[in-house]
Amino acid sequence: MTTIRQRRVGKGTEAAEDQPSEETNVKQDEKIPPDPPGGRLWNVLSITVGGIVAITLGLLTSVYVATLHENDLWFSNIKEVEREISFRTECGLYYSYYKQMIQAASIQQGLHGLVYDNKTESVRTINILERMNVYQEVFLSILYRILPIQQYLEPVYFYIYTLFGLQAVYVIALYITSWLLSGTWLSGLLAACWYIANRVDTTRVEFTIPLRENWALPFFAVQIAAITYLLRTHLQPAQERLTLMIVFIATFLFSLTWQFNQFMMLIQALALFILDCLDMLPTAKVTWLYIIQISGLLLVCVLQFFNSMILGSLLISFNVSVLIARTIQKNLKKGGLLNRLGKLILHVLLVLCLTLLINKFIKKILNLESDEHIFKFLKAKFGFGATRDFDANLYLCEEAFGLLPLNTFSRLSSTLLFYVYGFVLFLLTVAAVIVAFRNLSITLLFSSISGSNQVQLKEKMEEYTVTLKPDAAYSLVHTVLFGCLALSTMRMKYLWTSHMCVFASFGLCSAEVWKLLLKCLHLYTSQRTQVIKYSIPIITLLYISFKFWPGIMDELSELREFYDPDTVELMNWIKSNTPSTAVFAGSMQLLAGVKLCTGRTLTNHPHYEDKNLRERTKQIYQIYAKRSPGEVHGILRSFGTDYVILEDSICYERRHSRGCRLRDLLDVANGHIMDGLGENEPDLKPSVYPRFCEEIKKNLPSYTMHFTRVFQNKTFHVYKLAKHK
């Protein structure tokens with residue numbers, strides 16, 4: 001089992017300072033009077049300083065996480081096999097394709113090996129570029145081969161430095177988003193500092209480097225920053241076209257680098273849909289964003305050899321349904337309050353029904369079942385009936401897919417982030433409710449007034465009523481929806497906590513937020529708003545600096561070392577004592593490391609988005625169930641297995657409670673009662689066979705005729721399978 005031990009010594013702008021507030025019931029762009037020369041110069045200076053601060057913070061974050069990674073593992077000093085073992089579970093699988101491309105005789109042969117891969121799943125040839133999101137590994141490997149850096153930089157460092165460099169992009173994008181929302185780069189500075197101070201809850205890149213989300217989230221942050229700018233009023237046509245192009249590129253790269261992109265963008269599409277229905281976003285821009293999501297995903301589908309899981313995604317069905325429903329209901333935003341509410345309810349029902357029908361039709365045509373495990377998991381998670389489905393329970397029992405732990409909020413509160421976030425969320429939610437109600441009820445009033453009088457009435461109302469800019473409205477709904485996702489599934493918290501930094505810093509530095517609060521308290525003056533807008537963020541920054549700077553310095557000075565001798569011994573034995581064509585069976589997590597470190601063929605692996613692979617994995621895992629040696633041998637040989645690796649940490653698992661241990665999941669799926677004290681469902685029966693992984697170690701004749709132990713240490717037992725005719 002991999003551990004980390006203490007290292008042994010002795011080894012060698014204020015660019016838009018006060019943006020003009022706009023009606024949420026979006027109106028046509030108006031001409032803005034030019035800034036005076038002095039104001040223009042100040043804006044240029046402020047943008048320059050803010051940009052320098054953004055780049056500096058991004059680079060510092062990149063260096064920070066790279067240093068933490070080095071200090072945790074002593075990465076520069078450990079052996080190559082130890083470096084590869086440190087890429088745990090699916091991380092090792094993804095990195096293995098980068099290594100494979102680097103070691104190929106040519107780029108063409110490397111690509112051919114990925115398109116016609118017969119080592120990732122035994123007795124089966126699969127297209128890796130279709131099944132997995134590994135274009136980033138392909139691109140990096142080609143870049144490494146053509147750049148003159150081989151003599152100066154090892155392939156593994158080129159890979160990890162690229163990921164750490166993307167963290168700089170991530171932080172800069174968060175910084176810019178907060179700056180755009182608030183109008184001051186002080187907000188961006190605060191967002192970046194909160195991101196760093198809450199690193200445990202905002203990123204895990206330093207110990208899961210090749211994970212798909214570490215590639216994708218920086219591009220998602222760039223997309224959100226571009227959408228924030230797009231939703232501003234008074235954009236010139238050229239600015240709008242350029243911003244739409246940035247949104248498209250970022251959406252495409254985000255979709256290309258993460259298999260769960262469709263679910264994240266579905267939540268984003270829901271946010272756009274809600275705001276569009278409430279007349280809080282310009283409809284034309286929302287339409288463009290729907291089209292960009294569809295086109296970006298379809299382009300990825302083409303690159304992934306028409307991956308059916310993408311074509312059958314809910315996102316495409318939903319966006320198409322919204323566009324169709326909007327065409328059918330052309331007068332959706334006309335009429336009085338009750339009339340509009342009735343139309344909205346019908347609109348929502350129409351979109352929902354169309355989405356389900358289109359999605360069902362596509363899946364029926366394509367015979368698509370790749371994502372069914374996700375919906376089984378969601379059904380069981382939210383209490384729509386208990387399940388004995390092995391795949392669903394495998395997810396349900398993992399902590400990463402459980403509810404967000406309460407101690408997360410105590411950590412976020414220690415930096416004041418959660419307190420500020422809650423404060424800003426409450427204020428803007430109240431403002432959004434008021435604005436939404438006004439937008440739904442105001443149309444009938446304006447329809448009876450002439451055009452010039454409408455403008456005067458709007459301006460008069462703006463003096464006395466609450467307003468919410470489109471970009472702020474989008475940020476509000478975005479953070480609420482992704483917050484719900486994070487609360488329900490801990491693994492997705494990184495999508496929420498990073499935006500939490502942006503949202504809280506924006507609220508703390510926003511003149512509009514303080515203006516709203518001070519007006520409610522009857523304390524509003526322009527001067528007081530400006531003083532609060534700058535003083536409170538500066539005080540917060542000083543608090544974060546004084547409280548967390550010493551801890552960060554201590555963290556950077558703590559030196560540890562990678563230590564996993566049992567796995568290293570196993571990998572070295574496999575490389576030295578088994579043929580290169582040997583096929584290995586075992587746990588998904590371990591086999592990813594076997595492929596990376598030894599290049600041997602696998603029976604199964606951690607990339608779970610394929611029905612056949614899920615069925616195969618369940619069969620392979622019978623090595624930890626109560627089955628006869630003949631049955632297990634037959635199952636393993638049907639997948640061409642030559643060697644099977646048994647792990648004591650799984651066979652005698654104590655990490656999970658009874659009912660969630662892997663052996664318990666297998667017992668229930670097989671209809672057998674579980675081991676240990678506790679209740680069992682009444683229809684479960686005792687197995688006539690003992691547990692295979694325990695009984696095989698006794699070297700009984702019924703086992704030795706099928707399996708011969710060829711390697712053993714404190715953690716692993718390797719058995720060679722007899723090849724009976």
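Asparagine 127 touches Leu114, Val115 and Phe305. Residues up to four places away in sequence are left out of that list. Contact here means heavy atoms within 4.5 Å. Asparagine 127 sits in the loop between helix 4 (107-115) and helix 5 (128-131). Helices are DSSP runs of H or I with at least four residues, numbered from the N terminus. At 11% relative accessibility, asparagine 127 counts as buried. Buried means under 20% relative accessible area, exposed over 50%, and partly exposed in between, with a 1.4 Å probe and protein chains only.

This is a predicted model, in which local features need pLDDT of at least 70 and side-chain atom pairs count only at pLDDT 80 or more, while totals for chains, interfaces and linings use all residues. Residues are numbered from 1 along each chain as its sequence is written, and side-chain values use heavy atoms, with hydrogens and water left out.

The structure holds two disulfides. A disulfide is a pair of cysteine sulfur atoms within 2.5 Å.

| Disulfide | S to S distance | Torsion about the S-S bond |
|---|---|---|
| Cysteine 397 and cysteine 660 | 2.1 Å | -75 degrees |
| Cysteine 651 and cysteine 693 | 2.0 Å | about 80 degrees |

The link of cysteine 397 and cysteine 660 is left-handed. This pair links distant parts of the chain, 263 residues apart. Cysteine 397 lies in the loop between helix 18 (390-396) and helix 19 (407-414). Cysteine 660 lies in the loop between helix 30 (648-651) and helix 31 (662-669). Are these two cysteines buried or partly exposed? Cysteine 397 is buried, at 12% relative accessibility. Cysteine 660 is partly exposed, with a relative accessible area of 23%.

The disulfide of cysteine 651 and cysteine 693 is right-handed, because the torsion about its S-S bond is about 80 degrees. This pair also links distant parts of the chain, 42 residues apart. Cysteine 651 is in helix 30, and cysteine 693 is in helix 32 (residues 692-695). Both cysteine 651 and cysteine 693 are buried.

Counting bonded cysteines along the chain, the disulfides follow the pattern 1-3, 2-4. Cysteine 91 is in no disulfide. Cysteine 91 is buried, with a relative accessible area of 4%. Cysteine 597 is buried as well, at 5% relative accessibility.

**Helix 7**

Helix 7 (residues 155-182) has 28 residues. Its first and last C-alpha atoms are 42 Å apart, close to the 40 Å expected at 1.5 Å a residue. The expected span is 1.5 Å times one less than the number of residues. Helix 7 is mostly covered, with 21 of its 28 residues buried.

**A nonpolar surface patch**

Leu299, Val302, Leu303 and Phe306 form a nonpolar patch on the surface. Together they have about 340 Å² of accessible area, by the Shrake-Rupley method with a 1.4 Å probe. Patch residues have over 30% relative accessible area and no salt bridge, and nonpolar side chains are joined within 5 Å. A salt bridge is a side-chain nitrogen of Lys or Arg within 4 Å of a carboxyl oxygen of Asp or Glu. Phenylalanine 306 is in the loop between helix 13 (283-303) and helix 14 (308-311). At 55% relative accessibility, phenylalanine 306 counts as exposed.

Methods
Helix = DSSP H or I, 4+ residues; strand = E, 2+ residues; numbered from the N terminus. Patch = residues over 30% accessible without salt bridge, like charges linked within 9 Å, V, L, I, M, F, W, Y side chains within 5 Å.
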